[in-house]
Every structure is written in structure tokens, then in C-alpha cells.
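Got a model open and wondering what sits behind the labels? Let's go through them one at a time.

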Amino acid sequence: MSNWAPLAPPVNARELLSHVAEKWQDYPRRREVAINAVSKFLDYAIEVHGLPAESWTVTARVAKQMKGTKPKRRIVATPTDAELIRLIDSLPNDVRCQRWKNALRLMALYGLRPEELNHLVCKRASLHKPTGAVLYLREGLWLQPRPIRVG
């Protein structure tokens with residue numbers, strides 16, 4: 001026999017949001033997104049399908065209360081230039097490590113994220129002399145082409 005008992009269905013917006021907030025208790029950003037989504041869904045249900053507004057309208061005060069307080073910003077450990085140079089110099093001089101060294105240099109020089117390294121394209125006029133490159137930098141959520149000089 002299980003101790004699990006089904007929850008009674010919520011009778012108003014506050015109870016529904018309380019259940020949603022409880023599920024995401026340890027994830028403040030996800031909790032905020034979930035509360036916003038449920039609030040918009042309830043607005044739609046009230047406007048289009050005639051859900052009783054008296055008990056299902058989510059006020060700004062209730063939404064803010066259910067979202068809770070935002071967490072403190074985390075401190076990000078950013079290596080200094082000297083630390084990066086030491087890291088690059090500490091790698092062996094084999095072919096595989098040369099690639100890692102180049103990746104670290106590009107990330108440091110242009111402020112790239114690891115994913116953005118996958119979007120680099122080098123255009124060559126000949127096999128031995130690069131003439132230019134296209135570097136995709138982040139703008140919002142999209143990666144946009146930007147020319148860079150090589151050499």
C-alpha cells in the first residue's frame with residue numbers, strides 16, 4: 001500500500017501557482033518561467049473559454065509572490081591573461097595539443113565560447129596562405145558572420 005495521495009484539484013489561481021512553484025522550488029529561473037506560462041495560459045482560458053475571472057485571474061502581486069526572490073548572482077571564475085598563457089605553455093607540442101592551444105588562443109583573443117569555435121571558417125587563396133576568415137560572433141541568440149584579419 002502506498003502513502004501517496006492524489007492532490008485535490010486547485011480551486012483558484014493561487015493554489016494552482018502554488019503547486020507549480022513547489023515543483024520548481026530549487027530552480028528559481030525555471031520557477032519564474034513556469035509561473036509566467038501558467039499565468040498566460042489562465043489569461044487565455046479566461047478570455048477565450050470563459051474561465052471565471054474572479055478566481056482564476058493572476059494578479060501581479062500573486063505572480064511576484066509565487067516567483068519568489070531571485071538568487072544571488074554567482075561569481076564566475078575568469079582566468080587572467082597570465083593564467084591563460086601558463087595553461088597554453090603547459091600543453092605538450094604534439095598535433096593534438098596544438099589544436100587545443102589554438103582553440104584557447106581564439107577563445108581568449110576574441111572572447112569566444114567553446115560552441116562558437118565550431119562556426120569558424122578560414123578562407124584561403126592558396127593552400128599555404130590564409131587571406132581572410134569569417135568569424136561568427138554572437139548577437140542575441142543568433143550567430144552572425146563577421147570578417148577578421150589573419151596574418
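Q: Why does Tyr27 count as partly exposed?
A: Its relative accessibility is 44%, and partly exposed is what lies between buried (under 20% relative accessible area) and exposed (over 50%), using a 1.4 Å probe and protein chains only. So Tyr27 counts as partly exposed. Trp24, at 26%, gets that label too.

Q: How do you know what kind of model this is, and which residues count?
A: It's a predicted model, where local features need pLDDT of at least 70 and side-chain atom pairs pLDDT 80 or more, while totals for chains, interfaces and linings use all residues. Numbering runs from 1 along each chain as its sequence is written, and side-chain values use heavy atoms, with hydrogens and water left out.

Q: What pLDDT does the protein chain average?
A: It averages 81, and 75% of the residues score at least 70; pLDDT is the predictor's confidence in each residue, from 0 to 100.

Q: What makes Trp24 and Tyr27 an edge-to-face pair?
A: The structure holds 1 aromatic pair. The ring centres of Trp24 and Tyr27 are 6.3 Å apart and the planes are at 75 degrees, so it's edge-to-face. Rings of Phe, Tyr and Trp (its six-membered ring) pair if their centres lie within 6.5 Å; under 30 degrees is stacked, over 60 edge-to-face, and the rest tilted.

Q: What makes the charged end of Lys23 sit over the ring of Trp24?
A: The charged end of Lys23 is 5.3 Å from the ring centre of Trp24, and the rule asks for NZ of Lys or CZ of Arg within 6 Å of the centre and within 35 degrees of the ring normal. Likewise, the charged end of Arg30 sits over the ring of Tyr27, 5.1 Å from its centre.

Q: Why is Thr69 called exposed?
A: Thr69 has a relative accessible area of 70%, so it is exposed.
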